[in-house]
Amino acid sequence: MSAAYPVRVYWEDTDGSGVVYHANYLRWLERARTEWLRQLGFSQQEMMISAGIGFTVASIEIRYLKPARLDDELLVRTRVCDIGKASIVFKQEIHYAHSDKEILAMASVRAGCVGLTNFRPQRMPAAIEKAFLKEKLHVG
């Protein structure tokens, strides 16, 4: 299953020429992962409070293929690629909202589950791991 998060490009997202500033793609990718977790029934705030864990980006690789511009309507697609006991790898793509064929940027993101007291890797709670595995099976 691939989750889709809509984005519209505003002036604040662009440089002086109306092209999206590269760092803003990272914000959109983060928001899409957060909303994907919400769709699965998990709130990052609740995980922090009840389980004392959080997910942190361990690595990200992004390729910029085409520029997004002022007023473009985009979709950020997120899917599970790999799951470990304390980590998950996402594949994410940013498309024009009207065309999945035109990829503007693609990213591979590894996020780690960490304990918030020491920021060391910690095994994901079983319910979260189960939900991630179910999502991966929908893709795989």
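## Reading contacts and faces

Author: E102 counts as partly exposed, at 28% relative accessibility. Keep in mind that this is a predicted model.

Reader: Which residue does E102 meet in a salt bridge?

Author: The general idea first. Side chains of opposite charge can pair when their charged atoms come close. Here the side chain of E102 meets that of K66, at 3.4 Å from N to O. K66 sits in the loop between β2 and β3, and E102 is in strand β5 (residues 99-115), so the pair ties together parts 36 residues apart in sequence. K66 is partly exposed, with a relative accessible area of 38%.

Reader: How many salt bridges does the model have?

Author: The count comes to seven. One of them joins R8 and E73, with the closest N and O atoms 3.1 Å apart. That pair links distant parts of the chain: R8 in strand β1 and E73 in strand β3, 65 residues apart.

Reader: Are R8 and E73 buried, partly exposed or exposed?

Author: Use the cut-offs: under 20% is buried, over 50% is exposed, and partly exposed lies in between. R8 has 35% relative accessibility, so R8 counts as partly exposed. E73 has 45%, so E73 is partly exposed.

Reader: What is the bridge partner of R8 in β3?

Author: E73 is that partner. β1 (residues 3-8) and β3 (residues 73-83) pair in the antiparallel sense over six bridges.

Reader: Where do the side chains of β1 point?

Author: In a regular strand the side chains alternate between the two faces of the sheet. In β1, A3, Y5 and V7 point to one face and are buried.

Reader: How far apart are E30 and R33 in helix α1?

Author: They are three residues apart in α1 (residues 22-39), so about one helical turn separates them. E30 is partly exposed at 34%, whereas R33 is buried at 8%.

Reader: What marks the start of helix α2, and what comes just after α2?

Author: At the start of α2 (residues 44-51), a side-chain oxygen of S43 reaches to within 3.2 Å of the backbone nitrogen of Q45. Just after α2, G52 takes a positive phi of about 70°.

Reader: Which residues make the nonpolar surface patch?

Author: L26, V57, I60 and Y64 make a patch of about 320 Å². Strand β2 (residues 53-64) gives the most, with three residues. I60 lies in β2 and is partly exposed, with a relative accessible area of 39%.

How values were computed. Residues are numbered from 1 along each chain as its sequence is written. This is a predicted model: local features need pLDDT of at least 70, side-chain atom pairs count only at pLDDT 80 or more; totals for chains, interfaces and linings use all residues. Side-chain values use heavy atoms; hydrogens and water are left out. Patches are made of residues with over 30% relative accessible area and no salt bridge: like charges are joined within 9 Å, nonpolar side chains (Val, Leu, Ile, Met, Phe, Trp, Tyr) within 5 Å. Accessible areas come from the Shrake-Rupley method with a 1.4 Å probe; for residues, only the protein chains shown count as cover. A salt bridge is a side-chain nitrogen of Lys or Arg within 4 Å of a carboxyl oxygen of Asp or Glu. Helices (H or I, at least four residues) and strands (E, at least two) are DSSP runs, numbered from the N terminus. Buried means under 20% relative accessible area, exposed over 50%, partly exposed in between (1.4 Å probe, protein chains only). A polar contact is a pair of N or O atoms within 3.5 Å; within protein, one must be able to donate a hydrogen and the other to accept it, and residues adjacent in sequence count only if both atoms are side-chain atoms. Two strands pair if DSSP finds at least two bridges between them.
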